[in-house]
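Have the sequence and the 3D view ready as you read.

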Amino acid sequence: MPVFLHALRGVLPDTAYPQDVIRDVIRAQPELDRLGQRLTTSIFNNSGIDTRHSVVPDFASDRAGLFYDPVSGRMLTPSTGERNAYYVEQVTPLLLAAARAALDATDLAPADITHVITVSCTGFFAPGPEYVLVRGLGLSPQTQRFHVGFMGCYAAFPALRMARAFCEANPDAAVLVVCAELCTIHMHSSNDPDTLIANSVFADGAAAVIVSARTPAAGTPALRMDASLTMLTPEGVGEKDMAWTVGDQGYDMVLSTYVPEIIEANIAPILDDLLARDLALAGAGGAQVDRWAIHPGGRAILDKVQGALGLSDAQLAPSRDVLRRAGNMSSATVLFILQDVLDAGVDGERVGALAFGPGLTVESGLFTVCRGLD
């Protein structure tokens, strides 16, 4: 039974920062030595990012906030608890905005939603984001609720697989999946290269999609879910190079400079395994897949994946464009890219998707564009 992604919708916080603004703030922090300042300039200037959105307005304000004092020019050091409280406050409107945008793009009513799956790795509370959606959208109190937490940038894929399983078990199921990440609330000053890289790429955003076995209505595009694969790189490879840990000043993101090389060395056989699950693509290469949505963990990751899989600039364009205009929004990012791919896609085109995260874990999926032409 085919299952489809309907009404992909992404939303961004109102505050947007040009990349050079945050670069200059980071570079001016007194904790940074000369090497840290040089690294900051190089990392930010070569990030492939023009703008990032954030729920933190402090860097555009003339008054001190929780994270920044514009008078002294100092980044402040709120505790992890204070950052998490800010997450709870700020994530709710983003969750609801993304979910409502998805619902408004379909003929489904709130009462039609049978399951809610939320995804986030940038904060925690209970009752959690999935509860917020049920109450805030007026869903049935019997709606089944699930939360995928702390899995990082690839977490949209496990959520989509879970949603597909629900729909295959119950053809009448309509599953609302929402990824919401507030990465910028964990930004802090340090000479550590991993921290500098994290400060340069991560951003805030939320994206929603409705998964169901309903055939797309005429003229309404959707993505048919064809195959998916989860794969760990060989044991011991990448485990310390991409990770989240909880620190005293928020979450510490480890995103080492070795990650692009690890992905480059392992991605081709993983793609072969994914394509082998589809008779039409078995034995083909990545270039034979019409369109691609590749999670832009950073510019170097996109460069390495493009080279390893032999993809064209056109195939990488949607991923690079989302990175350029919105940065890395962790789990939500690949849904933003899939939305752009679907909007431009032609009926019957095949779509490949990849995301990477702690472990080092590679998640992949195959889809088909269905524009509801019948």
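## Inside the largest cavity

The lining of the largest cavity is made up of eight nonpolar residues, four polar and one charged. Here Ala, Val, Leu, Ile, Met, Phe, Trp, Tyr, Cys and Pro count as nonpolar, Asp, Glu, Lys and Arg as charged, and the others, Gly among them, as polar. In total 13 residues line this cavity, and Ile-22, Ser-54, Phe-59, Thr-184 and Met-187 lie nearest its centre. Strand 3 (residues 51-54) gives the largest share of the lining, three residues.

The largest cavity holds about 110 Å³ of space. A cavity is a set of points, on a 1 Å grid over the protein atoms alone, where a 1.4 Å probe fits but cannot get out; lining residues have an atom within 4 Å of a point. Grid points are joined across faces, edges and corners, and a volume is the space filled by probe spheres set on the points.

## About the model

This is a predicted model, where local features need pLDDT of at least 70 and side-chain atom pairs count only at pLDDT 80 or more, while totals for chains, interfaces and linings use all residues. Residues are numbered from 1 along each chain as its sequence is written, and side-chain values use heavy atoms, leaving out hydrogens and water.

## The second largest cavity

How many cavities of 30 Å³ or more are there? The count is three. Helix 5 (156-169), strand 10 (222-232) and strand 15 (361-370) each supply at least two of its lining residues. Helices (H or I, at least four residues) and strands (E, at least two) are DSSP runs, numbered from the N terminus.

## Strand 1 and its partners

Six of the eight residues in strand 1 (residues 4-11) are buried, meaning under 20% relative accessible area with a 1.4 Å probe, protein chains only. Strand 1 runs antiparallel to strand 9 (residues 204-212), joined by six bridges, and Leu-5 stands opposite Val-211 there. Two strands pair if DSSP finds at least two bridges between them. Three bridges also join strand 1 to strand 10, again antiparallel, with Phe-4 partnered by Arg-224.

## Rings that meet

The structure holds seven aromatic pairs, that is, rings of Phe, Tyr and Trp (its six-membered ring) whose centres lie within 6.5 Å, called edge-to-face when the planes are over 60 degrees apart. One of them joins Tyr-17 and Phe-59 edge-to-face, 5.8 Å centre to centre with 80° between the planes. Tyr-17 lies in strand 2 (residues 15-18) and Phe-59 in the loop between strand 3 and strand 4 (68-69), so the pair ties together parts 42 residues apart in sequence.

Conventions:
1 Å grid on protein atoms, 1.4 Å probe; cavity = no way out; pocket = protein on both sides within 12 Å on 5 of 7 lines; lining within 4 Å. Buried < 20%, exposed > 50% of the residue type's maximum accessible area, 1.4 Å probe, protein only. Phe/Tyr/Trp six-rings, centres within 6.5 Å; stacked < 30°, edge-to-face > 60°.
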